[in-house]
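Here is a set of questions and answers for a reader meeting this structure for the first time. Each answer sets a value against the cut-off it has to meet and then draws the conclusion.

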Amino acid sequence: MRDGRPAEEPVNLGRGWVRFDYVRAFGKPVRLVNDAVMQALGSYRGGRMLFLGLGTGLGAALVVEGHVQPLEIAHLPYRDGKTYEDFLGKRGLDRMGKKSWRRVVGEIVPRLHAAFQVDEIVLGGGNVKQLKTLPRGSRLGSNAHAFVGGFRLWEPARTRP
């Protein structure tokens with residue numbers, strides 16, 4: 001996002017997002033964010049938090065002192081010519097099976113915890129229910145937190161928890 005507009009066309013969605021005039025189309029103020037940002041804001045309790053959405057793909061957002069930053073770590077190379085999304089998203093779960101996928105989640109999450117120097121990582125998304133235990137330094141999120149995040153999106157960052 002840049003100046004309240006998508007900076008690039010979304011990888012996993014159709015085209016037409018960048019040039020679309022949302023305010024004119026809806027006739028109201030608009031705040032456009034992805035689902036990871038909404039869940040991150042809704043899950044936020046304070047300090048530095050990284051949200052990882054383990055779903056079809058891999059959504060990510062960082063919240064620091066109430067300020068949210070969407071991240072595009074999903075498409076960064078990870079291993080064997082594959083991306084983080086290829087390992088943590090549904091493709092990884094389907095390719096590796098639950099047991100290996102859980103092990104990889106358990107390896108990657110602590111690395112991201114250290115790399116982003118966060119207080120905690122919140123794990124959300126549809127595939128999080130496949131985990132038997134949560135990696136160290138993480139807690140479980142909920143899709144319902146996206147509603148809270150949608151409301152918080154309209155609050156000034158300094159008033160967020």
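Q: Why does arginine 79 count as partly exposed?
A: In this predicted model, arginine 79 has a relative accessibility of 31%. Buried means under 20% and exposed means over 50%, so with 31% arginine 79 falls in between and counts as partly exposed.

Q: What makes the pair of glutamate 107 and arginine 79 a salt bridge?
A: The closest N and O atoms of glutamate 107 and arginine 79 are 3.4 Å apart, and the cut-off for a side-chain nitrogen of Lys or Arg and a carboxyl oxygen of Asp or Glu is within 4 Å, so the pair qualifies as a salt bridge. Because glutamate 107 lies in helix α5 and arginine 79 in strand β4 (residues 77-79), the pair ties together parts that are 28 residues apart in sequence. In general, side chains of opposite charge can pair when their charged atoms come close.

Q: What separates arginine 103 from glutamate 107 in helix α5?
A: Arginine 103 and glutamate 107 are four residues apart in helix α5, and so they are separated by about one helical turn. Their side chains meet in a salt bridge, with 2.8 Å from N to O, a value that is within 4 Å. Arginine 103 is partly exposed, with a relative accessible area of 45%, which is not over 50% and therefore does not count as exposed.

Q: What do the side chains of arginine 139 and glutamate 120 form where they meet?
A: They form a salt bridge, at 2.8 Å from N to O. Because arginine 139 lies in strand β7 and glutamate 120 in strand β6, this pair ties together parts that are 19 residues apart in sequence. Both arginine 139 and glutamate 120 are buried. Elsewhere, salt bridges that share partners join Arg79, Arg103 and Glu107 into one network, and the structure holds six salt bridges.

Q: Which residues of α5 are buried, and what covers them?
A: The buried residues of α5 are Trp101, Val104, Val105, Ile108, Val109, Pro110, Leu112 and His113. What covers them includes β1, β4, α3 (84-88), α4 (90-96), β6 and β7. Helix α5 (residues 98-116) lies across β1, β2, β3, β6 and β7, running at about 155° to β1, while helix α2 (residues 35-43) lies across β1, β2 (58-64), β3, β6 and β7, running at about 40° to β2.

Q: In what order do the five strands of the open sheet lie?
A: The order is β3-β2-β1-β6-β7, with mixed pairing.

Q: What makes β3 and β7 the edge strands?
A: Each of β3 (67-71) and β7 (138-140) pairs on one side only. The twist averages 25° from one strand to the next.

Q: How many bridges join strand β1 to strand β6?
A: Five bridges join β1 (residues 48-54) to β6 (residues 120-124), and the two strands run parallel. In β6, the bridge partner of methionine 49 is glutamate 120, and that of phenylalanine 51 is valine 122. Three bridges join β6 to β7, which also run parallel, and leucine 123 stands opposite leucine 140 in β7.

Q: What makes β6 a mostly covered strand?
A: Five of the five residues of β6 are buried. Glu120, Val122 and Gly124 point one way, whereas Ile121 and Leu123 point the other way.

Q: Why does threonine 83 count as buried?
A: Threonine 83 has 16% relative accessibility, and because this is under 20%, threonine 83 counts as buried. Threonine 83 is in strand β5 (residues 82-83), and its side chain reaches the backbone oxygen of alanine 74 at 3.3 Å. Leaving aside neighbours within four places in sequence, threonine 83 is in contact with Ala74, His75, Leu76, Pro77 and Tyr78.

Notes:
Residues are numbered from 1 along each chain as its sequence is written. This is a predicted model: local features need pLDDT of at least 70, side-chain atom pairs count only at pLDDT 80 or more; totals for chains, interfaces and linings use all residues. Side-chain values use heavy atoms; hydrogens and water are left out. Two strands pair if DSSP finds at least two bridges between them. Axes are lines fitted to C-alpha atoms, for helices over the stretch in contact, and angles run from 0 to 180 degrees between N-to-C directions. Contact means heavy atoms within 4.5 Å. Buried means under 20% relative accessible area, exposed over 50%, partly exposed in between (1.4 Å probe, protein chains only). A polar contact is a pair of N or O atoms within 3.5 Å; within protein, one must be able to donate a hydrogen and the other to accept it, and residues adjacent in sequence count only if both atoms are side-chain atoms.
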